[in-house]
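Subject: Structure handover

Hello,

Here is the structure to look through. My notes follow below it.

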Amino acid sequence: MTFTTHGFELVSSENVQELRAEARLYRHVKTGARLLSMVCDDENKVFGISFRTPPKDSTGVAHILEHSVLCGSRKYPVKEPFVELLKGSLQTFLNAFTFPDKTCYPVASANVQDFYNLIDVYFDAVFHPRINEHVLKQEGWHYETENEDGPLSYKGVVFNEMKGVYSSPDSVLGERSQQVVFPDNTYGLDSGGNPANIPDLTFEQFKAFHTRFYHPANSWIYFWGDDDPEKRLELVDGYLSEFSALEVDSTVHLQPRLNEPRTVHDSFVAEDNAKSMVTINWLLPETVEADANLRLQVLDEILLGMPSSPLRKALIDSGLGEDITGGLECDLRQLFYSAGLKGLDAANVDEVQPLILDELAAIAEKGVDKDMIEAALNSIEFDLREMNTGRFPRGLELMVKSLTTWLYDADPLALLRYEKPLAALKSDLEAGVPVFEDLIREHFLNNPHRVTLILEPDKELLKRREDAEKERLRKVFDNMSDAERREVAEEAAMLDEMQSRPDDPGDLARIPRLGVEDLPRENQTIPARDQAAGPVEALVHDLPAAGIVYADLGFDMRVLPAELLPWVNLFGRALLETGTDTLDFVTLDRRIAAKTGGIDTQAFQSSICESDDVAAWFFVRAKSTRDKVEDMAAILQDVLLHANLGNRDRFRQMVLEEKARAEQQVIPSGHMFVASRLGARFTPAGFASERINGVDNLFFLRDLAKQIDTDWDAVQAKLESIRDLLVNRNRMLLNVTAEDADINSALPVLGDLAAGLPASDSPIQTWTPFVYSTCEGLAIPAQVNYVGKAVNLKANGISLNGSAMVVSRYLRTAYLWERVRVRGGAYGAFTMYDDISGVFRMISYRDPNLQRTLDAYNGAADYLASLDLHADELAKAIVGSTGDMDKYQLPDAKGYTSLARKLTNRTEASLQTMREQIMATTASDFRDFAEACRCLAEKGEVCVLGSKDGFTDGMKVLEVM
């Protein structure tokens, strides 16, 4: 006899010691839905519902549907419940993902009622969405024409998003590397959608895809956190009970193995001087094999994961390319592995495959160095035990990991229980088993399922694509009757009218949300105290860090003249990756990996509250287990005092890598480059940021790559000068996050480290913001734009309080979302208001428009001035802004946040005042903010990253790529 609880039968239950969680696996009796309930003491609760959605073509139907189901539902018949949640939730995560074979809808919140509200909206969205032709046209694609005489054009959010993706060489490389390995199954298609294929998607196919796959029988439901486990079942059964069982064929078929290696040639959008890319790709075992999975992860760390990894080193040392690419792909039913180079001259592409195969053969023959194995194994084990997912909720990362086995009808916990596979691996290694050498032979050297992908730059490809699109549209237009042409124009106008039409207030009120009265009135504080550590001041944070000590060594960056700022990131890498006076860089790198959880460097720059000064610090950030703090400190002392800054060959490699990575990031992260470029005009902090990370730094890297070979002595002198200026205990601070006992044992060690550093009285430098054209165009080969406009409000006499955070957020989630994303077809649009400096920015992401977007920015003032703000909308804006202040953070992030607050003079009292101002925001504050938007419209400076063919007259053009 089967016992059920709220319609679910318990399949299995166990304590997963690695996660300190109880895992209960259920089956919904009526529908067959699967549910994994993870019960633990994490307040950051996670829910997710996923569907297996293997596409049969590259029209992007799975991706478009992921967008579309969040555009209104049976219970919540408003245009975009998702946006309403963004406006007024305390969510710590709210989004959706399209993978090659699954679509996931996760949410997270530390507030239990908010958590239930998010779940309610998401369940109704996925099972009862407002699937109609208008939604497909908005999120997918549609024809537009300004009048009956043409011409036609395509518009749609996903259509423009994927144009941005296909303009990014790195994105194309990743997508094609997967596709060539899987030529015969669903992974050989583009689930995101190829812009050339997206217009082939019909409404009938779109609707049928939802009917087929979005059923409880094809769902995988997941919970994580400290909420009531019984309530979970009760909630879910309430949504599933109206459905019956159904046979859903969503099988992801295995890729048949190739009998011999292949080579595939393809191209990517590029301008002059772009270089080729090559990957070698192997099909590996199924992901569900836990032992093999872990061993391959360690092997990946051995081969490519560290600067001293032998395959990585062989690729870089060859001088054939500028940067490596590749690694282990673990999210699909079958693992696959890639290794290759980017930035290759055309004459060198054929040398990559033999280089990789020869190096792998040499490693298998001579064996992997024991210190390399120790370093890689420690890195993987540290990451598994620390479970540091950054801003990503822990429970969500574990959900995705569980799906890599669960989705294929295997044990969802197989990869989460790592102790047994880890112990087995260590046992084999101790017994002398050539684990990694055997893996190399089996999966790389003797594996005929190997595909070499050669991607070559094609400066005519973008034009051919645009011409093909125009010709396709011309043929469609020519074949239309006059009535059909009128219908297209009328439907586009109707769609725009529907998008701009406000939702019924009664319908909006149905969306569950917290009220302002539900918010905590007191600001969240982070434990912090000042404590001496030898000759320097330390800020320490007593937080539950599970035996790990996080140490940040900060050095005042204001001692650097402006000309040295572009060197900062490279200097940081040089400290850690060039070796020391007594250790080559391979030995040093492996020592870091074996004795710590990682050491990295990071530049911090910000304006300071109530000051014209700037906070600018160079941090060396390290972490180790409590028993290895002395090892960590010894390494830090070695790299700070004895880094081999004269290693020209190694430094040249790093410069080429940094240059290649910056160039690869321009298109996918164009909004951040625009934001940086705009910020550099207004404050010393913005100036420093642009010099260190922006377009200005990219130009510096290109020049430096040439200078290394023509004047190395000058290059080395710069690096030595930076070390002499920066590494100075008189302008140093420490930030330590750990449990109190570990802090007290670590501080004397770190204090001794500080005492051994030189002391000097280097003067503080003055940095002056850039003077750019007030209307600047950064030219790249892309079919989309990133449109930005910014102004310094404080410099224009506009003083704002905490309510500005509420209004700025509302502009992003309401006004810009509707005007720039929904109606304009851009993938995204943002407001960025820095309350410390007063800099206010509006920026779009993957935007088909330019002037239309600027017009939207300029119209924000009139919008606010005439806004009749409903009380519910005001409450949502306040709740959302309060949630931004209370973002959930892991211990190391809390410690760093507290440090940043201290450096910028953001006190607990000022934070409490801001909270009170946010919560006291009124409709009149929205109208008052119109002055800020008017200032942006009239005095703002413009920066656009995109194709120069679309730039407006009078725009000063700078060629970026």
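The accessible surface of the chain comes to about 36200 Å², and carbon and sulfur atoms account for 47% of that. Accessible areas come from the Shrake-Rupley method with a 1.4 Å probe, and for residues only the protein chains shown count as cover.

This is a predicted model, in which local features need pLDDT of at least 70 and side-chain atom pairs count only at pLDDT 80 or more, while totals for chains, interfaces and linings use all residues. Residues are numbered from 1 along each chain as its sequence is written, and side-chain values use heavy atoms, with hydrogens and water left out.

The chain has 35 helices and 28 strands; these are DSSP runs numbered from the N terminus, with helices (H or I) of at least four residues and strands (E) of at least two. Its radius of gyration is 28 Å, close to the 30 Å that the globule rule gives for 961 residues, so the chain is as compact as a globular protein of that length. That radius is taken over C-alpha atoms, and the rule is 2.2 Å times the number of residues to the power 0.38.

Of the 961 residues, 61% are buried (under 20% relative accessible area; exposed is over 50%, partly exposed in between, with a 1.4 Å probe and protein chains only). Helix H23, residues 670–679, is largely enclosed by the rest of the structure, because nine of its 10 residues are buried. Among them are Phe 673, Val 674 and Leu 678.

Ile 302 lies in helix H9 (residues 290–305) and is buried, at 0% relative accessible area.

How many salt bridges does the structure hold? There are 76, each a side-chain nitrogen of Lys or Arg within 4 Å of a carboxyl oxygen of Asp or Glu.

- Asp 411 and Arg 417 meet at 2.8 Å, N to O. Asp 411 is partly exposed at 33%, and Arg 417 is partly exposed at 25%.
- Glu 663 and Arg 702 have their closest N and O atoms 3.0 Å apart. The pair links distant parts of the chain, helix H22 (residues 648–665) and helix H25 (residues 695–710).
- Lys 876 and Glu 873 meet at 2.7 Å, N to O. They are three residues apart in helix H31 (residues 871–885), about one helical turn, and both are buried.

Regards
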